[in-house]
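Visitor: I would like to learn how to read a few features of a protein model. Could you take me through them one at a time?

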Amino acid sequence: FTVCCGIYAEFGKQWYQRRVRVTPIVFGANTKGLKQINSAMSELKEKASAGKLQPHEFQGGTFTISNLGMMGIQEFTAVINPPQSAILAVGAPQRKLVPADNENGFDVSNVMSVTLSCDHRVIDGAVGAKWLQALKGYLEKPINLLL
């Protein structure tokens with residue numbers, strides 16, 4: 001999804017290495033496909049769990065994804081990891097009633113909250129909002145990620 005920004009990007013995912021929060025970096029994420037990103041993240045997670053990350057694997061980067069949804073947290077605001085420019089907070093999906101064009105006038109759907117925190121010295125809020133709009137489109141129709 002970093003490709004939609006049209007910038008060179010690295011991003012990290014927060015994990016805990018021996019009770020110290022680290023954010024391993026997937027370098028050049030905008031040039032990788034989902035399978036390559038997933039493979040790189042799995043490798044970094046194994047290294048983090050084993051306490052074997054090297055400094056170059058968690059220093060730098062431009063963007064972080066923080067997922068507390070896996071712990072049942074529905075929504076939160078994440079703090080940007082300096083010197084990065086933004087962080088995406090991902091909450092747990094919740095079943096909610098949503099309007100629908102059917103006989104009931106509603107449907108039950110999984111709804112997930114994401115919050116983007118941007119360093120406004122680097123990313124204008126309007127640009128961040130457009131990025132979230134594009135992300136929403138990809139989450140609602142994941143097949144578009146493969147096109």
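Guide: Gladly. Let us begin with exposure: a residue is buried under 20% relative accessible area, exposed over 50%, and partly exposed in between, using a 1.4 Å probe and protein chains only. With that scale, Glu140 counts as exposed at 52% relative accessibility, while Lys136 counts as partly exposed at 48%. Before we go on, note that this is a predicted model, where local features need pLDDT of at least 70, side-chain atom pairs count only at pLDDT 80 or more, and totals for chains, interfaces and linings use all residues. Residues are numbered from 1 along each chain as its sequence is written, and side-chain values use heavy atoms, leaving out hydrogens and water.

Visitor: What share of the residues of the protein count as buried?

Guide: Of its 147 residues, 35% do. For the surface, accessible areas come from the Shrake-Rupley method with a 1.4 Å probe, and for residues only the protein chains shown count as cover. The protein exposes about 9,600 Å², with carbon and sulfur atoms supplying 55% of it.

Visitor: How many helices and strands does the protein have?

Guide: Helices (H or I, at least four residues) and strands (E, at least two) are DSSP runs, numbered from the N terminus. Here they come to three helices and nine strands, in the order β-β-β-β-α-β-β-β-β-β-α-α from the N terminus on. Among contacts with a separation of 6 or more, 47% are between residues 24 or more positions apart.

Visitor: Which residue forms a salt bridge with Asp119?

Guide: Arg121 does, with the closest N and O atoms 2.7 Å apart. Asp119 is buried at 15% relative accessibility, and Arg121 is exposed at 76%. Glu140 also forms a salt bridge, with Lys136, at 2.8 Å between the closest N and O atoms. Those two residues are four apart in helix α2 (residues 125-140), which means about one helical turn separates them.

Visitor: What lines the second largest pocket?

Guide: On a 1 Å grid over the protein atoms alone, a pocket is an open set of points with protein on both sides within 12 Å along at least five of seven lines, and lining residues have an atom within 4 Å of a point. The lining includes Pro93, Val98, Met112, Lys136 and Glu140. Helix α2 gives the most, with five residues, and both β8 (106-111) and α2 supply at least two each.

Visitor: Where is Gln36 placed?

Guide: Gln36 is in helix α1 and is partly exposed, with a relative accessible area of 48%. Its C-alpha atom is 9.8 Å from that of Val26, 10 residues away along the chain.

Technical notes: A salt bridge is a side-chain nitrogen of Lys or Arg within 4 Å of a carboxyl oxygen of Asp or Glu. On a 1 Å grid over the protein atoms alone, a cavity is a set of points where a 1.4 Å probe fits but cannot get out, and a pocket is an open set with protein on both sides within 12 Å along at least five of seven lines; lining residues have an atom within 4 Å of a point. Contact means heavy atoms within 4.5 Å.
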